[in-house]
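User: I would like a close look at one part of this model, starting from the whole fold and then moving to a cavity and its surroundings.

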Amino acid sequence: MLLNWTVMILYNYFSAMFVGPGYVPLGWTPEKSQDCMYLQYCKVCQSYKAPRSHHCRKCNRCVMKMDHHCPWINNCCGYQNHASFTLFLLLAPLGCIHASFIFVMTMYTQLYNRISFGWSSVKIDMSAAKRDPRPIIPFGLSAFAASLFALGLALGTTIAVGMLFIIQMKVILTNKTSIESWIEEKAKDRIQYYQTGETFIFPYDTGSKWKNFKQVFTWSGIPEGDGLDWPVRNGCHQYSLTIEQLKQKADKRVRSVRYRAVEDYSGVCCPVTKGVKTFFTTPCTEEPRIALSKGDLILATRGLKHWMYGEKILDSAADGGIRERGWFPRKCVEKCQYDSETDQPVDGEKKNR
């Protein structure tokens with residue numbers, strides 16, 4: 001049984017790793033040229049981003065139906081390997097539960113044979129078994145320690161990977177990805193902030209959990225569709241999600257606050273010279289840090305108490321310039337006179353937009 005678990009776990013693990021998520025073809029454009037207005041353009045891949053695709057900085061490609069980049073498989077989880085990745089998340093905890101049962105029963109039976117009960121104390125002799133003088137497998141103190149350590153690993157893997165499996169199943173049953181769930185949350189925030197009266201409906205949820213499940217898990221192992229065109233629910237447009245992404249991108253530029261660097265920052269993850277609080281509160285994320293020189297302009301879009309995330313303007317043209325994105329210490333920058341990218345005073349006018 002343990003051998004079966006091992007084979008199935010490794011098969012799905014390596015399938016998720018080597019099959020990959022599937023990438024948008026380089027130079028891809030929609031069949032109808034007028035549809036380009038609904039899509040974002042990727043300067044790295046020199047192509048338009050197909051619906052549900054996102055550019056991965058690690059893979060350096062636009063990934064079809066990207067969910068996230070997983071360092072454990074050194075690849076993205078997306079259109080082609082979503083099923084294999086989820087099965088791996090299911091089988092790994094099941095195999096660890098089986099292993100945990102074996103470890104518990106092994107330690108129980110071995111300790112039971114080595115415990116002697118007295119009137120005032122309980123003694124454990126790990127040197128030899130009291131009731132079974134000829135154990136099938138020698139079980140000393142080192143074997144007990146190794147079994148206890150392995151049990152801790154098995155239980156930790158069961159909890160951690162099991163939680164990831166639950167998260168993945170939630171998004172699969174609604175026919176979403178982790179990124180699309182975040183886009184939906186930001187859509188609600190944008191509508192509430194501007195009070196536009198819109199209603200954003202996620203276009204790819206069929207309304208049936210079973211149908212959503214079958215779009216990822218098939219008997220052939222090949223997911224439905226081609227990864228570029230997707231069926232949508234009634235009343236939704238093929239580009240409903242990409243249109244919402246364009247609105248959020250425009251809103252992000254409006255809400256961005258302009259800062260100027262007042263101190264140099266080398267771009268290290270945990271800077272020692274920027275204060276103890278900055279050192280210990282560095283963001284726990286794979287997102288990069290950006291190096292700053294005194295006088296650099298940065299458009300900040302979000303932040304923590306001691307850190308900020310934004311785009312550094314490398315060219316004088318604010319709209320067409322190339323930017324670097326990443327985290328930087330809040331201590332290194334100060335707010336400019338005007339806080340939006342459009343160089344206009346805030347709050348009241350932003351609300352009207």
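Among contacts in the protein between residues at least 6 apart in sequence, what percentage joins residues at least 24 apart? And which residues line the largest cavity?

Analyst: This is a predicted model, in which local features need pLDDT of at least 70, side-chain atom pairs count only at pLDDT 80 or more, and totals for chains, interfaces and linings use all residues. Residues are numbered from 1 along each chain as its sequence is written, and side-chain values use heavy atoms, with hydrogens and water left out.

Among contacts between residues at least 6 apart in sequence, 62% join residues at least 24 apart. A contact means heavy atoms within 4.5 Å. The protein has eight helices and 13 strands. Of the 353 residues, 41% count as buried. Buried means under 20% relative accessible area, exposed means over 50%, and partly exposed lies in between (1.4 Å probe, protein chains only).

Now the cavity. The whole structure holds two cavities of 30 Å³ or more. On a 1 Å grid over the protein atoms alone, a cavity is a set of points where a 1.4 Å probe fits but cannot get out; lining residues have an atom within 4 Å of a point. Grid points are joined across faces, edges and corners, and the volume is the space filled by probe spheres set on the points. The largest cavity contains about 50 Å³ of space. Its lining is Q40, K49, A50, P51, R52, S53, T242 and Q245.

R52 counts as buried because its relative accessibility is 1%. Its phi is near 75°, a positive value in a residue other than glycine. Most residues other than glycine have a negative phi.

Follow the chain past β3. N60 lies in the loop between β3 and β4 (61-63). N60 also has a positive phi without being a glycine, at about 60°. N60 is partly exposed, because its relative accessibility is 45%. Not counting residues up to four places away in sequence, N60 touches V44, C45 and H55. N60 and C45 are 15 residues apart along the chain, and their C-alpha atoms are separated by 8.1 Å.

Next comes N75, in strand β6 (residues 75-77). N75 is buried because its relative accessible area is 10%. Beyond four places in sequence, N75 contacts A16, M17, G20, P21, Y23, C59, H69 and C70. Several of these partners, including A16 and M17, fall in the range 6-24, one of those that UniProt lists as "transmembrane region" in an unreviewed entry. UniProt positions are given in the numbering used here, feature names are shortened, and annotations may be inferred rather than shown by experiment. In the model, residues 6-24 are 74% helix and 0% strand, with end C-alpha atoms 33 Å apart. Residues 87-108 are 100% helix and 0% strand, with their ends 32 Å apart by C-alpha atoms.

F165 belongs to helix α3 (residues 141-173). Setting aside neighbours within four places, F165 contacts T86, L89 and L90. F165 and L89 are 76 residues apart along the chain, yet their C-alpha atoms are separated by 5.2 Å.

What about the cysteines? A disulfide here is a pair of cysteine sulfur atoms within 2.5 Å, and the count comes to zero. The sulfur of C269 is 4.0 Å from the closest cysteine sulfur, in C270, so it is too far for a bond. C269 is partly exposed, at 42% relative accessibility. C36 is buried, at 17%.

Finally, confidence. pLDDT is the predictor's confidence in each residue, from 0 to 100. Its mean is 84, and 86% of residues reach 70 or more. Over residues 316-321 pLDDT stays under 50, and the model gives this stretch seven contacts beyond four places in sequence. Residues 344-353 are also below 50, with 18 contacts beyond near neighbours in sequence. Where pLDDT is low, the predicted coordinates should not be read in detail.

Technical notes:
Helices (H or I, at least four residues) and strands (E, at least two) are DSSP runs, numbered from the N terminus. On a 1 Å grid over the protein atoms alone, a cavity is a set of points where a 1.4 Å probe fits but cannot get out, and a pocket is an open set with protein on both sides within 12 Å along at least five of seven lines; lining residues have an atom within 4 Å of a point.
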